[in-house]
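Keep the 3D view open as you read.

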Amino acid sequence: MPALDRILYVEDEEMLRVVTNLALTRIGNFTVELCDSGTKAVDTAKRFRPDLIMLDVMMPGMDGPSTLRALQADPETTEIPVIFITAKVQPREIEAFRALGVIDVIAKPFEPMNLANQVRSLWNRHHGGA
């Protein structure tokens, strides 16, 4: 199973970026790069080369699904697994997001103390682990 170390987190709300960054870096010991828009995320993903992208669904301008499509269309980023983070977690919405190609969905609000373990669990499941 490939190692999970580098995460690109894309979120337009500054406070959520701060909290999530702390949860992933301090608790999860991940190397994290932050973006506040889908447009920046597409460029940053090429430069930063993350193992995983955590992507907010509802953002102004280029939303999560549009950002995902742009990442999937680029040969440099098409293979990077993506997790959506959203308050839109009705079963139909989750299935629609998975159909777009994300490995899973994390519901907002999430528990910051458990976020790193939740991300690792989704990563392991995606790569055939427990």
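A residue is called buried when its relative accessible area is under 20%, exposed when it is over 50%, and partly exposed in between, using a 1.4 Å probe and protein chains only. By that cut-off S37 is buried, because its relative accessible area is 18%. You are looking at a predicted model, in which local features need pLDDT of at least 70 and side-chain atom pairs count only at pLDDT 80 or more, while totals for chains, interfaces and linings use all residues. Residues are numbered from 1 along each chain as its sequence is written, and side-chain values use heavy atoms, with hydrogens and water left out.

You will find S37 in the loop between β2 (31-35) and α2. Such elements are DSSP runs numbered from the N terminus: helices are H or I runs of at least four residues, and strands are E runs of at least two. Leaving aside neighbours within four places in sequence, S37 is in contact (heavy atoms within 4.5 Å) with V10 and M59.

Not counting residues up to four places away in sequence, L8 touches E33, C35, A41, T44, A45, F48, P50, L52, I53 and M54.

Now zoom out. The protein has 5 helices and 5 strands, and from the N terminus on they run β-α-β-α-β-α-β-α-β-α. The radius of gyration, taken over C-alpha atoms, is 13 Å, close to the 14 Å that the globule rule (2.2 Å times the number of residues to the power 0.38) gives for 130 residues, so the protein is as compact as a globular protein of that length. Along its principal axes the C-alpha trace spans about 35 × 35 × 30 Å. Buried residues make up 44% of the 130 residues. Among contacts between residues at least 6 apart in sequence, 62% join residues at least 24 apart.
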